[in-house]
There are 2 protein chains.
Amino acid sequence: MTSSVVSLSEYLAAQASRIDAALDRLLPAESEPPETIHRAMRYSVFAGGKRIRPILCLEAGRTVAGADEEGIEEVACSLELIHTYSLIHDDLPALDNDDLRRGRPTSHKVFGEAMAILAGDALLTYAFEVLARAGSAALVGELARAAGTVGGMIAGQVHDIEGESQPPSAELLERIHRAKTGALLRCSLRLGAMHAGATAGQLEALSRFGEHIGLAFQIVDDILDVTQTSEQLGKTAGKDAAQHKITFPAVHGLEASRRMAAEQRTLAHEALSVFGDRALRLRQLADLIVDRSS
Amino acid sequence: MTSSVVSLSEYLAAQASRIDAALDRLLPAESEPPETIHRAMRYSVFAGGKRIRPILCLEAGRTVAGADEEGIEEVACSLELIHTYSLIHDDLPALDNDDLRRGRPTSHKVFGEAMAILAGDALLTYAFEVLARAGSAALVGELARAAGTVGGMIAGQVHDIEGESQPPSAELLERIHRAKTGALLRCSLRLGAMHAGATAGQLEALSRFGEHIGLAFQIVDDILDVTQTSEQLGKTAGKDAAQHKITFPAVHGLEASRRMAAEQRTLAHEALSVFGDRALRLRQLADLIVDRSS
């Protein structure tokens, strides 16, 4: 598949189906006992996610090595498993208490709270099992840190919960999102790059790219929560304001937020300069993340 | 430290302090932001656990290699982190709804439900980070499987929840506990053995030992829930019956359960025969697990 002759939408569809097929191959079958937990895991994994993290991982690997290395599907899928676990737990009554996710009832609405907690635990655990099959201990450590409490995804979640009772500030806002969304997006690029044998310079460039699109992603997410309906979003709109979450529009206003997203896109593009034309798809993916807001 | 001159209780105290010190060194400090999650993680990790899993891991390594290999503390601690996460999530209102654990209020009673869910997630994630520092991808895969949904700890938890609405049977009971408690105990021995470079025969022998003490452990746990007070247990007694859990005393009666525990102890001892005198401590640990019930 040459990038110059395949349109972006065809590329995205092909990548997403490839990831879907790999996830289907890797996850325990619904008929595998205990059936309930495997049904719950698959319910959330196959809920219409766009597979942004695994696609970034695959593409980072290709940008470095020019082709897919063996085992890269396991690496890419581990990111989607972690992402899905975080959504299931975030949606729980004790956390964001969301009934709707991607237009469907959330895990605890379908399987009950106990099973939703366990399904999240199971996907988190399984992410490391899958990654260990293909990766090295170094990749496992990288993913665990990105998902963890020191600048990682759980840190962002805690800052987010505690931020509800603090005065909104630009600094707190950025700290939340660097951790909450940014760390895993950055990790998606790093795992792909490391698996492909990136040099220190290449890894650094892709990490910076990941940081900028991570921030852009969250700014756009916050904007969409204000400007779109629940139907358009596939989840409850306006929840950020209702829950007094610190958001980019709340801190900076809608127009400034849009400018900030565009700025992060530019910085993301610049980070890729070392790769020249090989980074075409990564540039397009950055554009896609920002243009969701249009 | 020569095993012949150090009493079992001194040995246990020394091993437990060593694990406590390693956990203290490995876990993020309470002052590391976000402070709340690190306080919650440490609250449950340092709640008076006996460190049975890490001690089994250390001892399996010594039984194989005659001494401690570098990195074994990380391997041993990863097991305690996984065990602690499972206790925090098991105690949640949606699961066992326990207010008391080891004589202290459970995590969600102290930190709230959201933070308890995240603290469990964080310890699970951190277990793999710590293991990845010392271990190989093979050890990571081994731990993830033992903690997972196919015959692992989460499978046991699901069988346990679903078992409450099923007629109790000896078969279901054993399936629950092989997964719920057995898999992680067995894994404790396997990780120590693998880290120490065990032969296939040694690994197999220690796995069988782990299976037998795992079953013994759970039988004794079920017996204690019936025969001891909440004060003696440090947790709510009689909960199994109240929650219609399938237990060994409920299925087999108290006396037969005691005989079964003794039988598992004998089988555990027999599994160690290939190691001769080097397995003295492991034999003593098996005895200790069974004799808790006296």
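Modeller: Start with burial. A residue is buried if 20 or more other C-beta atoms lie within 10 Å of its own, exposed if 12 or fewer, and partly exposed in between. Keep in mind that this is a predicted model.

Colleague: What makes A:R102 partly exposed?

Modeller: A:R102 has 14 other C-beta atoms within 10 Å.

Colleague: Where does A:R102 lie, and what is its phi?

Modeller: A:R102 is in the loop between β1 (100-101) and β2 (104-105) of chain A. Its phi is positive, about 50°, although A:R102 is not a glycine. Most residues other than glycine have a negative phi.

Colleague: B:R51 also has a positive phi. Why is B:R51 called buried?

Modeller: B:R51 has 24 C-beta neighbours inside 10 Å. The cut-off for buried is 20 or more, so B:R51 counts as buried. Its phi is near 65°, and B:R51 is a residue other than glycine. B:R51 sits in the loop between α2 and α3 (52-65) of chain B.

Colleague: How do you know whether B:H83 is buried or exposed?

Modeller: Count again. B:H83 has 23 C-beta neighbours inside 10 Å. That meets the cut-off of 20, so B:H83 is buried. B:H83 belongs to helix α4 (residues 72-91) of chain B.

Colleague: B:H83 and B:A127 are 9.6 Å apart, C-alpha to C-alpha. How many residues separate them in sequence?

Modeller: B:H83 and B:A127 are 44 residues apart in sequence.

Colleague: On to B:H212 in helix α10 of chain B. What makes B:H212 count as buried?

Modeller: B:H212 has 24 C-beta neighbours inside 10 Å. Buried needs 20 or more, so B:H212 qualifies. Setting aside residues up to four places away in sequence, B:H212 touches B:Q264, B:L267, B:A268 and B:A271. B:H212 and B:A271 are 59 residues apart in sequence, yet their C-alpha atoms are 8.8 Å apart.

Colleague: Stay with α10(B). How is the packing of α9(B) and α10(B) described?

Modeller: Two packed helices are described by the angle between their axes and the distance between the axes. Helix α9 (residues 170-195) and helix α10 (residues 200-227) of chain B pack at about 145°, with axes 8 Å apart. Their crossing is right-handed. Residues making the contact include B:L185 and B:L189 of α9(B), and B:L206 and B:I213 of α10(B). By class, the contact has 10 nonpolar, 9 polar and 3 charged residues.

Colleague: What makes up the side of chain A that touches chain B?

Modeller: In all, 41 residues of chain A are in contact with 41 residues of chain B. The elements giving two or more residues to the chain A side are α2 (35-45), α6 (113-134), α7 (137-147) and α8 (153-163). The largest share, 13 residues, comes from α6(A). The chain A side divides into 23 nonpolar, 11 polar and 7 charged residues.

Colleague: Which residues have the most contacts inside the largest nonpolar core?

Modeller: A:A119, A:V140, B:A119 and B:V140 do, in a core of 182 residues. Beyond its neighbours within four places in sequence, A:A119 has contacts that include A:I37, A:M41, A:I88 and A:F111.

Colleague: Last one. What makes the bond between A:P33 and A:P34 a point to check?

Modeller: Most peptide bonds are trans. The bond joining A:P33 and A:P34 is cis, with omega about -5°. A:P34 is in the loop between α1 (8-26) and α2 of chain A. In chain B, a cis bond joins B:P33 and B:P34, with omega about -5°.

Conventions: Residues are numbered from 1 along each chain as its sequence is written. Chains are lettered from A and ligands numbered from 1 in the order in which they are written. This is a predicted model: local features need pLDDT of at least 70, side-chain atom pairs count only at pLDDT 80 or more; totals for chains, interfaces and linings use all residues. A nonpolar core is a set of buried Ala, Val, Leu, Ile, Met, Phe, Trp, Tyr and Cys residues joined through C-beta atoms within 7 Å. Two residues are in contact if their C-beta atoms, placed from the backbone, lie within 7 Å. Helices (H or I, at least four residues) and strands (E, at least two) are DSSP runs, numbered from the N terminus. Ala, Val, Leu, Ile, Met, Phe, Trp, Tyr, Cys and Pro count as nonpolar, Asp, Glu, Lys and Arg as charged, and the others, Gly among them, as polar. Axes are lines fitted to C-alpha atoms, for helices over the stretch in contact, and angles run from 0 to 180 degrees between N-to-C directions. A crossing is left-handed if the near helix is turned anticlockwise from the far one by less than a right angle, and right-handed if clockwise.
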